[in-house]
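Subject: Handover of a structure and summary of findings

Dear colleague,

Please find below the structure that I am handing over to you.

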Amino acid sequence: MYKIVHYINQFYAGIGGEDHADVPPAKMAEIPAVSKAFNAAFKGEAEIVATIYCGDSYFAENTDKALNEICEMIKAENPDMVIAGPAFNAGRYGFAAGNVAAAVKAQLGIPTLTGMYEENPGTDYKSKTIIVPTKNSAAGMRDAVAKMAPLALKLAKGEELGPYYVEGYMYTGIRKNLFEEERGAKRAVDMMLKKLAGEPFITEFPMPNFDRVAPNPPVADITKAKIALCTSGGIVPKGNPDHIESSSASHYGKYDIEGVQYLTSETYQTAHGGYDPVYANEDPNRVLPVDVMRDLEREGKIGSLHRYFYATVGNGTAVANAKKFAAEYAQELKADGVDAVILTST
Amino acid sequence: MKLELGLIHVTDVQFGPESKIEGSVVYLNEEEIKKIVLEDETIKSVKLDIARPGESVRITPVKDVVEPRVKVEGRGGVFPGWTHKVDTVGEGKTNVLKGMAVVTTGKIVGFQEGVIDMVGEGAKYTPFSKTVNLVLDIEPVEGLKQHEYEKAVRLANLKVSTAIGELARNITPDEVKVYEHDTIMEGIKKYPDLPRVGYVLMLQSQGLLHDTYVYGVDAKQTLTTMIMPTEIFDGAIVSGNCVSACDKNPTYIHENNPVVEELFAQHGKTLNFVGVIITNENVYLADKMRSSDWSAKLCKYLGLDGVIISQEGFGNPDTDLIMNCKKIEAEGVKTVLITDEYAGQDGASQSLADADVAADAVVTGGNANVVVHLPKLDKVIGHIEYVDTIAGGWSGSLQPDGSIIAELQVITSSTNEQGFGKLSAR
Amino acid sequence: MTIVTNNPDVKSKYEDDHTVVFVEGGYKDVLVKVRDLVHEGHQLLTHPLMGSLKPNETPYRSIAVSAQKGPVDTDSVILISESIETFDKFAKIVRPDRGTNTPERLLADFRLIDLTLISSAVDFH
C-alpha cells in the first residue's frame, strides 16, 4: 500500500471560508471528505495517510514560513507522493497548492500532483509539478478526482508519466525525448493534412505563450492630452471602501481625484498583499504618481490628468479577470475622452 | 517528370580483386578506390575501412555520408555540377545501392564532429548504423588550407560514390519505385479537389563548413527558387556542411529526402504535391529578409494551400524558419515546420532561438542537448581523440574505460530536421 | 558597415576597409557591445548567432552592424536580446575544453570559422 499525503485549504478542511483563511498550517485529526474521495478512487492500492491544511490568506502572506512548516509535516509522514488540491478556480488556493507541490518535489524529492482550472494563477507552477486541468468550480470534484487519482498512483509507484497529451496533465514545458512510431517527415505530412482539413492536431513543440499587444500609435500632442492613471498596485482610499481583496482580486475600484494634488498616507493606502506595503502606505504616490502628474499638468507638459483613477490588486489575480476589468473600464475611459493611460504595477 | 528509382538491396560490402556487384554483395578493389581519391593532388593518403551494422565499430569524426547511385536512363548524371555536367536530372531511371553508404572522415578542423556507432546506445540514434559503410579516412598534403581540404573530402566522396554507383548500371533492381511529378497544369486537372501542398526546403549556407550546393552552385549566392523533387533524388543537392552533426543534412539525406518521399506517397490520394522551393540560410539579415520574402511569394504564386518547411542547423536558421513561417502563413498558406531543439540537458530551457505564434504546427527531431552514454566499442575508424572536441562533447567526454559521455548532438543525423528519424520530444 | 568582433583575424582582414570595433573579451562581451550599439540606433546586419557552433563552444564572435545611426530598430533590439538569452542558456553548460576554456591548439580553427562566416556576409555586401 502506497502512502500519500494530501494538502488542502481551510475550506476543504471544513474550517470555514474567507473569514477563516488566516489559519496556519496544521495536520487534520481525521481525513476530510475530499481525501476520502481520493482513497475510494485508489481502490486499496494507496491511501491518504495524512491531510494537511492551511488558510489561503495565511499562506499568501507568510509563504516561506508556511512552506517550511508544511514541508516539515509532510517529511514526517514519509509519503510516496503528495497531492495538493484540486483548487479549481480559487486563485489563492491554486497559488498555495502549486507552491506546496513544487516545493515538496524540489526540496524533499517526493513526486507531487495538483489540479486546478487552466486560468488559475497557480498554473504558473506547471513546469515544477504535475498539474491536472479541472473544471472551474468544486462541482467538478468527481471529475477531478477521477483524473488525478490514476496519475497519483503512478507517481506513488515511482513510474514515469507518459507525455502530457496522453496522460491528460498540463503541458509542463520540460522537454523529454521519445521515439515515435513514424518518422518526422510522415508526422509532418499527417499534421499538414489535419491542419488543412481544419481537424484538431497536436503540435510537438508548443511555442512559448505570447501575449503581445501591438503598441498604439504615439499620442499626437501630449501637451493637449487627457491622461488617466490605472494601477494593479492596489492604491485605494484609506479603509479600502470597495473591499478589494489583497490577492486574487475579484473586482476593481474607480476613485475620484478631482482637486487631489498628491496622495497622503492619511487619505490613501494600498490593498495589495504579497509585498511589503510600508513604502506604498507611507507615500502612495510611489505606486500611483498623482503628485508628478499634477506637476506635469501645471507645467503644461500634459493636457490634464483624468478625474478618476482605476485600481485593482495584481497579486495572484487571474489574467482572465484582469482582462475583464480593463475591458470594462477602457470603455469608460474612451467615453470620457481620455487620450492615454499610464498603467502602474508594484 | 517521371523518375524510376531501381533499388538494389545491398547486404554487404567486401574488398576483393575485382570491383563488382554479385547478388546483394558489393565487392570493391581497394586500390581502384584509393586511386580515385588520390587523383586529387591535395590528398596525401586515404585509408579504407568497412563498418557493418551490429559490429562493435565507431566512426568519428564524420564529414559526409553519400549513397551511391547511377543514372541509367534519362538526361545527365548523378551529382550534377560535381561528377557530371550540369544537365538537368530527375527524369528517366536511376539505380540506387540501397543499404550501403560512403562515409568520409578526416581532420578538417580541430573541433570536427559526428559519431556513427554501429552497435549499442548510439546506434539507436543514427540512421547510418543500419547501412554497410565504406569509410574513407582522408589525410591532406601538408599545409592545405581548411576550405581546400573540405572541398577535397567532399569531392572524394562524390567521386567514389559515383564510381561505386557505376557498378550498378547494368544490374536489374530488386525493387522499382516510380515517382511522377505533375506539371502545375496537369496537377490542377488531375486533382482539382485535393489540397495543393508544397515543400520549402531550407539549405544551410553560412560559410566554410556550413555550405550546401545545388547543381554545383553555392546556395548562399542563390535566390529562393524551385527544384523538381525528382532532381533531388539524383543528387542535385550536395552537402558541404560538417558542423552540428545531429541536425545537418548529409548528402545521403538529401538524396533520400524524407519529406519529398512522404509527399509523393500522398500525391493524388490526400493531397496534390505541387513542388519544392529551395531557400537558403544566410548570415546577412537582408538576405534572410529577401529569401523568406521570395519563399512566401512563390508559395502564393503557386496557389498552395499548405507547405512543409524543413530546417538545417542551429540558432541563426531558427530565424529563417520563423521568417518563412510567418510570411507564408501571412499569405494564407498553412505551414508545418520540422525543427529540432536545444532545450538544455534538463529540457527546461527555451528550445529555439526564435519563435512565433504563427508556428502552431511543429514536428521536432528531439532535444539535442540530452546527455547520452555511449559504450566503449572494439574498433574506432577515424580519430577518437576528437570526441573531446566535437560539438556536444567536452573534455572528459572520452572516459577512461573508452566509453563516451556526450550530448546527443555528437551523433550524426540523430535529430535530423528533414524528419528522417523517429526521435521526437514533448 | 561596422564590424564588432573579438577575433583578431577579422580585425586584421577588415580594419582597412571597414570600421572595426575590437572587443577585448569573450563571445558574450561582443553580444553586449552590439546590444549597446543597437540601443544607440545602429541596425544589425548579420545574425548574432551565425554558425552552427553553439555559444558555449566557440570563443569568437563577429557581428556586423550599420555604420550609420538611425532611429532605434526594434527588430534589431529583439534579435540581439533573444541572442543574449540564448547565449546565457548555453553558457550554463560549461565545457572545460570549449568556449572561454578552449585550448590553444583549437583557437586558430575557431578563428577561421568565425572569419569565414562573417566574410560570407561582408564580402558580398
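In chain B, strand β15 (residues 210–214) pairs with β16(B) in the antiparallel sense over two bridges. Here helices (H or I, at least four residues) and strands (E, at least two) are DSSP runs, numbered from the N terminus, and two strands pair if DSSP finds at least two bridges between them. Across this pair, B:Tyr213 stands opposite B:Asp218 of β16(B).

Before going further, please note that this is a predicted model, in which local features need pLDDT of at least 70 and side-chain atom pairs count only at pLDDT 80 or more, while totals for chains, interfaces and linings use all residues. Residues are numbered from 1 along each chain as its sequence is written, and chains are lettered from A and ligands numbered from 1 in the order in which they are written.

Strands β15 and β16 belong to an open sheet of three strands in chain B, with the order β16-β15-β18 and antiparallel pairing. Its edge strands, each pairing on one side only, are β16 (217–218) and β18 (237–241). The loop between β15 and β16 of chain B holds B:Tyr215, whose phi is near 50°, a positive value in a residue other than glycine. B:Tyr215 is buried, because 21 other C-beta atoms lie within 10 Å. For this term, C-beta atoms are placed from the backbone, and a residue is buried if 20 or more others lie within 10 Å of its own, exposed if 12 or fewer, and partly exposed in between.

Chain B as a whole

The secondary structure of chain B comes to eight helices and 26 strands. Of its 426 residues, 63% are buried. The C-alpha trace spans about 55 × 55 × 35 Å along its principal axes.

The six-stranded sheet

Chain B also has an open sheet of six strands with mixed pairing, in the order β17-β19-β14-β20-β21-β22. The strands at its edges are β17 (225–227) and β22, each pairing on one side only. From one strand to the next, the twist averages 20°. Within this sheet, β20(B) and β21(B) run parallel and are joined by five bridges, and B:Val307 has B:Thr335 in β21(B) as its bridge partner.

Two helices lie across strands of this sheet. Helix α7 (residues 285–301) of chain B lies across β14, β17, β19 (272–281) and β20, at about 170° to β19(B). Helix α7 (residues 184–197) of chain A lies across β14 (196–204), β20, β21 and β22 of chain B, at about 150° to β21(B). Axes are lines fitted to C-alpha atoms, for helices over the stretch in contact, and angles run from 0 to 180 degrees between N-to-C directions.

The nonpolar cores

The largest nonpolar core has 167 residues, and those with the most contacts inside it are A:Ala188, B:Val307 and B:Ile308. Such a core is a set of buried Ala, Val, Leu, Ile, Met, Phe, Trp, Tyr and Cys residues joined through C-beta atoms within 7 Å. Helix α2 (residues 146–166) of chain B gives the most to this core, with eight residues. Apart from it lies another core, of 57 residues, including A:Tyr7 and A:Ile74.

Where the chains meet

Two residues are in contact if their C-beta atoms, placed from the backbone, lie within 7 Å. Among the two pairs of chains that touch, chains A and B have the most contacts. There, 44 residues of chain B are in contact with 30 residues of chain A. The side of chain B that touches chain A has 21 nonpolar, 14 polar and nine charged residues. In this classification, Ala, Val, Leu, Ile, Met, Phe, Trp, Tyr, Cys and Pro count as nonpolar, Asp, Glu, Lys and Arg as charged, and the others, Gly among them, as polar. Strand β7 (residues 177–179) of chain A and β26(B) run antiparallel and are joined by three bridges; the partner of A:Leu178 in β26(B) is B:Ser424.

Between chains B and C, 32 residues of chain B are in contact with 32 residues of chain C. No contact joins chain A and chain C, whose closest C-alpha atoms lie 12 Å apart.

With kind regards
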